[in-house]
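Here are my notes on the model you sent over. Please read them with the structure open beside you.

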Amino acid sequence: MRVELDDITVTLGGRDVVQHASLVAEPGAVVGLVGPNGSGKSSLLRTVYRAVRPRLGTCRIDGRDVQRLRGRQAARAVAVMLQDPPTDFDLSVEETVMLGRVPHHASFGRDTAEDVEVVADAMRRAEITDLADRMVATLSGGQRQRVMLARALAQQSDVMVLDEPSNHLDISHQHELLSTVRSLGRTVIAALHDLNLATQYCDHVVVLDAGRVIAAGPPQQVLTPELIRSTFRVDVRVLGGHDPVFGFRRLEPATERAAERAPEPSSHDLRTESSIPT
Ligand SMILES: Nc1ncnc2c1ncn2[C@@H]1O[C@H](COP(=O)(O)OP(=O)(O)OP(=O)(O)O)[C@@H](O)[C@H]1O
């Protein structure tokens with residue numbers, strides 16, 4: 001399914017925390033939302049799963065305004081994985097993953113053999129089969145996050161919204177999660193803090209700063225050292241060749257002032273002559 005955010009403005013606490021933001025996620029594409037803390041990533045994502053109604057603009061899924069979808073239709077269309085999974089679940093892991101099947105049930109419907117199969121497959125993909133009988137409240141943050149991934153997978157929606165899905169995961173599970181999500185062929189919009197993960201797994205990235213989209217496109221074109229430096233206020237070194245990896249270092253105040261006075265070096269200069277001592 002195609003997701004289109006068209007000129008979205010979100011107002012919270014009397015302030016426009018997202019301003020005239022637009023993006024398109026083509027069917028099956030993985031789109032990364034990146035930007036500093038408070039830049040509006042979660043607020044923009046929340047318009048997709050209807051936790052927030054934009055003051056201006058429209059979010060459409062396959063041309064249909066999400067605000068006009070009925071509850072069950074919306075839940076079948078969009079699965080959500082949030083950055084801080086709830087801790088107050090009085091349910092086992094398997095029961096929690098089974099909640100992902102609710103949008104597929106008729107009212108008061110029972111779990112079907114297909115539900116059981118889909119849930120088992122989702123738990124296997126999220127590598128939590130051995131945790132099936134544990135209570136969610138007793139799990140670590142990373143394990144809970146994998147339960148939420150399994151629940152989102154079991155929902156079998158065409159669109160997945162991930163809000164900083166990997167913040168509790170170890171490196172191996174971060175890669176596992178994004179490669180699993182990528183392999184599903186669903187349309188994914190994910191807020192990501194890790195620019196290396198965004199570069200590796202996203203087809204398209206959108207950079208937000210102070211509520212506005214300041215750049216968008218393929219990660220290799222958009223996430224240049226200049227953009228990262230000016231948006232995130234860090235020094236950047238690009239390591240590696242074909243699959244570049246970023247290394248970061250805090251901008252020293254003096255360097256920052258000098259950088260503000262001096263013209264920006266070209267992308268080529270920064271890629272070959274890092275200001276980070278080796
Ligand atoms: N319910 C709310 N009421 C008032 N302001 C809010 C509310 N929720 C978020 N904000 C503000 O909106 C702005 C954008 O927040 P948002 O959570 O969308 O940013 P973010 O880019 O996802 O940040 P982070 O990287 O820290 O998760 C912030 O200034 C935040 O304080």
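**Notes on the model**

1. Contacts. Among contacts in the chain between residues at least 6 apart in sequence, 66% join residues at least 24 apart. Two residues are in contact if their C-beta atoms, placed from the backbone, lie within 7 Å. This is a predicted model: local features need pLDDT of at least 70, side-chain atom pairs count only at pLDDT 80 or more, and totals for chains, interfaces and linings use all residues. Residues are numbered from 1 along each chain as its sequence is written.

2. Confidence. The chain has a mean pLDDT of 87, and 87% of its residues reach 70 or more; pLDDT is the predictor's confidence in each residue, from 0 to 100. Over residues 263–278 the value stays under 50, and the model has 17 contacts beyond four places in sequence for this stretch. The scores of the model are ipTM 0.98 and pTM 0.87.

3. Make-up. There are eleven helices and twelve strands in the chain. Helices (H or I, at least four residues) and strands (E, at least two) are DSSP runs, numbered from the N terminus. The chain has 278 residues, of which 38% count as buried. A residue is buried if 20 or more other C-beta atoms lie within 10 Å of its own, exposed if 12 or fewer, and partly exposed in between, with C-beta atoms placed from the backbone.

4. The ligand. Which residues are around the ligand? They are Leu 12, Gly 13, Val 17, Gly 35, Asn 37, Gly 38, Ser 39, Gly 40, Lys 41, Ser 42, Ser 43 and Ala 191; a residue counts as near a molecule or strand if its C-beta atom, placed from the backbone, lies within 6 Å of it. By class, this shell has three nonpolar, eight polar and one charged residues. Here Ala, Val, Leu, Ile, Met, Phe, Trp, Tyr, Cys and Pro count as nonpolar, Asp, Glu, Lys and Arg as charged, and the others, Gly among them, as polar.

5. Helix 1. With three residues, helix 1 (residues 41–48) gives the most to the shell around the ligand. Seven of the eight residues of helix 1 are buried, so the helix is largely enclosed by the rest of the structure. Among the buried residues are Lys 41 and Ser 43. Arg 50, which follows helix 1, has a positive phi, near 65°.

6. Strand 7. Why is strand 7 (residues 159–163) largely enclosed by the rest of the structure? Because five of its five residues are buried. Val 159, Val 161 and Asp 163 point one way from strand 7, while Met 160 and Leu 162 point the other way.

7. Neighbours of strand 7. Strand 7 pairs with strand 6 (residues 78–81) in the parallel sense over four bridges; two strands pair if DSSP finds at least two bridges between them. In this pairing, Ala 79 stands opposite Met 160. Strand 8 (residues 187–191) runs parallel to strand 7 and is joined to it by five bridges, with Val 161 opposite Ile 189.

8. An open sheet of four strands has the order 2-1-4-5, with antiparallel pairing. Its edge strands are strand 2 (15–25) and strand 5 (64–65), each pairing on one side only. Five bridges link strand 1 (residues 3–12) to strand 4 (residues 56–61) in the antiparallel sense, and Val 3 stands opposite Ile 61.
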